[in-house]
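The following note sets out points for a colleague reviewing the model. Please read them alongside the sequence and coordinates.

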Amino acid sequence: MQKETFESIVQIRAVRQNKLLSVIVPVYNEANGISAFHERLEAALAKAPVNRTELIYINDGSKDSSLELLKTIADVNPSVQVIDFSRNFGKEAAMTAGINKSHGDAAVIIDSDLQDPPELIPEMVRQWQNGYDIINMRRRSRLGETILKKKTAQMFYTFMRFLGPVKMPENVGDFRLLSRRAIEALKQMPERNRFMKGMFAWIGFPVKEILYQRDPRFADKTKWNYWGLFNLAVEGITSYTIAPLRISTYLGLAVSLATFSYGIFILVCTILYGDPVKGFPTLIIAILFLGGLQLLAIGLVGEYLGRIFMETKNRPLYIVKNHYQRISAPLAIPEEKSKRNVQ
């Protein structure tokens with residue numbers, strides 16, 4: 001049995017060495033580090049056990065010179081293409097665009113800030129060649145991040161693992177490899193409110209985790225602040241699970257039972273001992289507590305209702321302003337070279 005398994009892995013590896021690997025890179029205001037990133041990425045791909053690669057950079061409405069640098073890279077490298085958004089649509093939309101445009105038998109998603117080392121891509125490809133569909137890169141450490149950010153991230157992943165319909169791996173970001181059938185599964189999920197980490201976990205398929213050390217940013221500061229991270233967490237929770245609505249239902253039921261029981265207690269005390277005017281602080285606390293719960297429940301309903309509203313609009317996830325690629329590129333799609341297309 002072990003011999004047959006080993007032989008099947010060898011056959012899979014031999015077949016997948018002749019496949020195309022796509023690398024998807026969202027970019028937003030990374031002009032100071034994009035050249036260094038591309039140099040390290042090219043060096044890493046030269047060591048990857050695949051014959052062909054395509055690099056897809058998605059310029060997510062950068063306001064610096066990132067687009068000009070990416071166009072220069074694409075001009076000298078036929079395997080590079082640049083998707084330029086009409087404005088900033090967010091990282092989730094950028095990753096979706098890269099997935100939709102990729103032609104590879106497998107695709108690696110990696111940020112351009114060099115916190116995720118491109119040198120790990122060859123090992124990711126080897127694990128894919130061993131038969132895994134998804135290679136999750138799990139952070140052993142998060143250098144360059146504050147203790148507060150590490151703790152809040154840990155709380156978020158714990159919360160999501162507790163609430164989610166499927167268990168989302170802890171400390172696994174967007175840096176990962178997806179096989180073609182995993183990519184096709186993702187493309188069947190057309191929702192507008194996208195939480196990619198949850199979607200990656202939801203599709204299933206054989207998964208392999210690789211531990212690595214996440215480096216500090218190569219240049220500039222992170223584009224995320226704590227308010228943005230909080231909004232991302234709310235977006236992730238409400239896009240991934242309806243558990244908050246169910247919790248509010250259970251909590252409302254528990255509070256209603258407690259309130260009903262307390263009402264009976266007050267009624268009995270009034271009948272037995274009269275009705276002295278007491279309990280004003282208790283009354284105020286109860287009113288504020290119940291009012292707070294009601295507002296919280298209404299807010300949760302509003303979050304989900306807002307997402308339903310956005311889904312019913314059926315707007316595109318992103319709009320492509322231009323698609324840059326050398327004419328001599330072997331994978332160029334003629335009808336997409338010059339048109340301004342809406343995705």
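Contact here means heavy atoms within 4.5 Å. The model is predicted: local features need pLDDT of at least 70, side-chain atom pairs count only at pLDDT 80 or more, and totals for chains, interfaces and linings use all residues. Residues are numbered from 1 along each chain as its sequence is written, and side-chain values use heavy atoms, with hydrogens and water left out.

1. Asp133. This residue sits in the loop between helix 5 (121–129) and strand 5 (134–142); helices (H or I, at least four residues) and strands (E, at least two) are DSSP runs, numbered from the N terminus. Asp133 has a relative accessible area of 2% and is therefore buried (buried is under 20% relative accessible area, exposed over 50%, partly exposed in between; 1.4 Å probe, protein chains only). Neighbours within four places in sequence aside, Asp133 is in contact with Leu177, Leu178, Ser179, Arg181, Ala182, Phe205 and Pro206. Its side chain forms polar contacts with those of Ser179, at 2.6 Å, and Arg181, at 2.7 Å (a polar contact is a pair of N or O atoms within 3.5 Å; within protein, one must be able to donate a hydrogen and the other to accept it, and residues adjacent in sequence count only if both atoms are side-chain atoms).

2. Helix 2. The buried residues of helix 2 are Ile34, Phe37, His38, Leu41, Ala44 and Leu45. Seen down the axis of helix 2, they fall within an arc of 130 degrees, so they line one face (the arc is that of the directions from the helix axis to the C-beta atoms). The face turned away from this buried side carries the exposed residues Glu39 and Ala46. Cover for the buried residues of helix 2 includes strand 1 (20–27), strand 2 (52–59), helix 3 (66–76), strand 3 (80–85) and helix 5.

3. Salt bridges. The structure holds 9 salt bridges (a side-chain nitrogen of Lys or Arg within 4 Å of a carboxyl oxygen of Asp or Glu). One of them joins Arg214 and Asp116 at 3.1 Å, N to O. This pair links distant parts of the chain, 98 residues apart: Arg214 is in strand 7 (residues 207–214), and Asp116 is in the loop between strand 4 (106–109) and helix 5. Arg214 counts as buried at 7% relative accessibility, as does Asp116 at 2%.

4. Helix 5. Glu123 and Arg126 form a salt bridge with their closest N and O atoms 3.3 Å apart. Both lie in helix 5, 3 residues apart, about one turn of the helix. Glu123 is partly exposed at 28%, and Arg126 is partly exposed at 36%.
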